[in-house]
Amino acid sequence: MTTVTNLSRRDFLTGVTLAGAALTLGCQVESADSRVTAAGGAALAPNAFLTIHPDGRILITVNKTEMGQGVRTGLPMLVAEELDVDWSAVTVETASFDPSRYGFQGTGGSGSLRGAWEPLRRTGATARTMLVEVAARRWNVAAADCRTEAGYVLHPSDPAKKLSYGELVADAAALPAPDPKTVKLKDPKDFKLIGRRVARYDNPDIVTGKAVYGMDVRQPDMRFATMVHAPVFGGKPKQVDDQAAKAIPGVEQVFVTDRGVAVVATNTWAAFEGAKKLRVTWDDGPHAELSSASIRALFAEKAKASGDIARNDGDAESALAQAAKRLEAIYEVPFLHHATLEPQNCTARVTAESCEVWAPTQFPNFVLDEARRITGLDAARIKIHVTLLGGGFGRRIEADYAADAVEVAKRLNGRPVQVTWTREEDMQHGWYRPASLHVVKGGLSEQGQPVAILHRLVAPSIRGQRQPDGGKGVDPGAMAGISSMQYDVPNFRAEYVRANTGVPIGFWRAVFDSQNAFVQESWIDELAHAAQADPVAFRLKLLGKSPRLKQVLDVAAKAAGWGKPLPKGQARGVAAHFSFGAFCAQVAEVSIEDDLPRIHRVVCAMDVGTVVNPSQVEAQIEGSIVFALSAALYGAITVEKGRVVQSNFNDYPLLRLGEMPKVEVHLIQSGEAPSGAGEPALPPTAPAVCNALFALTGKRIRKLPIELDV
């Protein structure tokens, strides 16, 4: 099932119910203490469901947004494994947005599978336990002696006797459900599905164009619109001349909303053409003189003073003063845009009594908040449909584009409208990954051992922007990857200096780990070079207290042939990082062609705990490396006169097919619970490439995107 039209299941019952002679189980995914309840038992607020039909069909509902990470395959695999059914019998559907039933439905932070790992397995195991109990009673044998296989309960002594799950569901639904904590989960050695390469459930619909993304939504009598927002952050329209816009065939209305100027038409193209003809006089607001240069100057000034301490091991300042060799450097990273291939869009219909929204969103609860604010309706009168996403990367956590749709729909008297931003509006009105400036200091002993590191980060706070009470002290999110540094350095201090800028900022893939790892791993490389040590050996000696990171580093180095000769004009660089519960190391091989970096090969070793579907994990690693290389080589959002300079992929390019290096992935077999997989492979890529360029040229890259002449 690939559409979101299943969201009408409003009468879906909590817990186990006999509905249409099917056994339905609910569980609370976010909590390890979640309980699966039977009919008549205490109802929970379930956010994932399993339904076994009498004909043997298995329906698994997923409450997370699918944006390319394969969540509609990985999560159902957990249930199907413990239930012990054939994957071919499983049907998957996307949950409606209903926090009263599904709890928190936000998707991000590489957290979907790791959060569902045990609760969803217990859902499947609980159902299997109940089905076995019914079969055992019919045969008058002990349930513990029965076993299951491919959707059947097998008799303990008579191979000819077996009962399908479908034959058992009616009686099973009448049983009280056992405490999910008491059900026995499979021993990993007995896994049949987990660990197997399984093709994505929704691949056929995606490749045949049947999959429904936000821009595919169509409703009867629908209109199409676009928005023109103030070019300067915080600006507002003062005067609008819409005569030329309304002369475009198909344009029906032009009006000012709280967020800009809307052009409504009979089709998107007409709306875009009408928007080009608008003549708007803007009130630029307080940020009219904001620029990248002024922001950089702000950061540099703030970097002169100590920040709030996020981690303080030993006495870094004293150790630095006494070190045999001292180093200091400044690193800088720019604002970055998400640049999703599907521009921001949303469809909405608003009447006096109700509001319905179709949104490609990672956080439907934020869409609901906006719909409530704009319409004044109670949540019960608002329905949110979550479509597939043509790229998320954190951009679609925000709900500004949905607010546009609801605001425009409110003016159309019940007629549905799809609001689509042009690529230029999308590029210039994002929630950008924060820029930052880093002061790093390091000290080495006479023997070349690092005795102290001080890392001072100057950056705006995403949390502070979103939460009024988050405006003081250390922003833990901003210090991701710094506070959790894995290297065993006796004196280490991490400082945070808040420097808000007026540029809207948001969560970008791997968020602050994406930039902090660049600085940290480049700096470790600088220390290794100063110590005249091999970069891999230098790191391995410092990872005695982080055996999993040490292992992936060792695996990546060996797989890459570290130390072995490369073709003339090529060099290797290495980086390792811990984030989102995963351990990742990469070795990049680079050369310079036509004065530009050329990345030939990236070898990645990763420990994500138990690998549920190797194909999905590998795909996420490859996607992370593409994303990271695009940013390292090209990514920079710059600001002049309070507005974003970049406008489209011509001046904000992505990595092209011909630039893609060979990527080799080595997954560590681990008995640990799964960690995140969608983001942890991104942070090590840029430093691995930059360290390789240093090995090749002797020039240290301390500012992104990479410029070889610096």
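## Helices, sheets and loops in the predicted model

Gln 532 sits in the loop between H14 and helix H15 (535-541). In this predicted model, Gln 532 takes a positive phi of about 55° although the residue is not a glycine, and its place in the chain is just after H14. Is Gln 532 buried or exposed? With a relative accessibility of 76%, Gln 532 counts as exposed.

H14 covers residues 513-530, 18 residues in all. From first C-alpha to last, H14 reaches 25 Å, close to the 26 Å expected at 1.5 Å a residue. Of the 18 residues of H14, 17 are buried, so the helix is largely enclosed by the rest of the structure.

A positive phi is also found at Asn 140, about 60° here, and Asn 140 is not a glycine either. Asn 140 belongs to the loop between H3 and S6. At 70% relative accessibility, Asn 140 counts as exposed.

Helix H3 (residues 112-139) packs against helix H1 (residues 71-83) at an angle of about 35°, with the two axes 6 Å apart. The crossing of H1 and H3 is right-handed. On the H1 side, the contact is made by Val 71, Gly 74, Leu 75, Leu 78, Val 79, Glu 82 and Leu 83. On the H3 side, the contributing residues include Leu 113, Ala 116, Trp 117, Leu 120, Arg 121, Gly 124, Arg 128 and Leu 131. Which kinds of residue make up the contact of H1 with H3? The residues divide into 12 nonpolar, 3 polar and 3 charged. The spacing along each helix can be read with a general rule in mind: an α-helix has 3.6 residues a turn, so residues three or four places apart point the same way.

Some residues of this helix pair are also touched by a lysine from another part of the chain. Lys 186 lies in the loop between H4 and helix H5 (203-207). Leaving aside residues up to four places away in sequence, Lys 186 touches Glu 81, Glu 82, Asp 84, Arg 121, Arg 128, Phe 191 and Lys 192. Glu 82 of H1 and Arg 121 and Arg 128 of H3 also take part in the contact between the two helices. The relative accessible area of Lys 186 is 13%, under the 20% limit, so this lysine counts as buried.

Three strands form an open sheet in the order S6-S7-S8, with antiparallel pairing. Strand S6 (147-149) and strand S8 (162-164) stand at the edges with a single partner strand each, so one side of each is left without a neighbour in the sheet. The twist averages 30° from one strand to the next. S6 is joined to strand S7 (residues 152-154) by 3 bridges, and Thr 148 has Val 153 of S7 as its bridge partner. H3 lies across S6, S7 and S8, running at about 50° to S7. Helix H4 (residues 165-173) also lies across S6, S7 and S8, at about 75° to S8.

Strand S16 (residues 345-350) is joined to S17 by 4 bridges and runs antiparallel to it. Here Ala 348 stands opposite Val 357 in S17, and a hairpin of 4 residues connects S16 to S17. With strand S18 (residues 382-386), by contrast, S17 pairs in the parallel sense over 5 bridges; Val 386 in S18 is the bridge partner of Ala 359. How covered is S17, and which way do its residues point? S17 is mostly covered, with 5 of its 5 residues buried. Cys 355, Val 357 and Ala 359 point one way from S17, whereas Glu 356 and Trp 358 point the other way.

The peptide bond from Leu 704 to Pro 705 is cis, with omega near -5°.

How values were computed. Residues numbered from 1 in each chain as written. Predicted model: local features only at pLDDT ≥ 70, side-chain atom pairs only at ≥ 80, totals over all residues. Heavy atoms only, no water. Axes fitted to C-alpha atoms, helices over the stretch in contact; angles between N-to-C directions. Left-handed = near helix turned anticlockwise from the far one by under 90°. Contact = heavy atoms within 4.5 Å. Nonpolar A, V, L, I, M, F, W, Y, C, P; charged D, E, K, R; others polar. Expected span 1.5 Å × (residues − 1). Buried < 20%, exposed > 50% of the residue type's maximum accessible area, 1.4 Å probe, protein only. Pairing = 2+ DSSP bridges.
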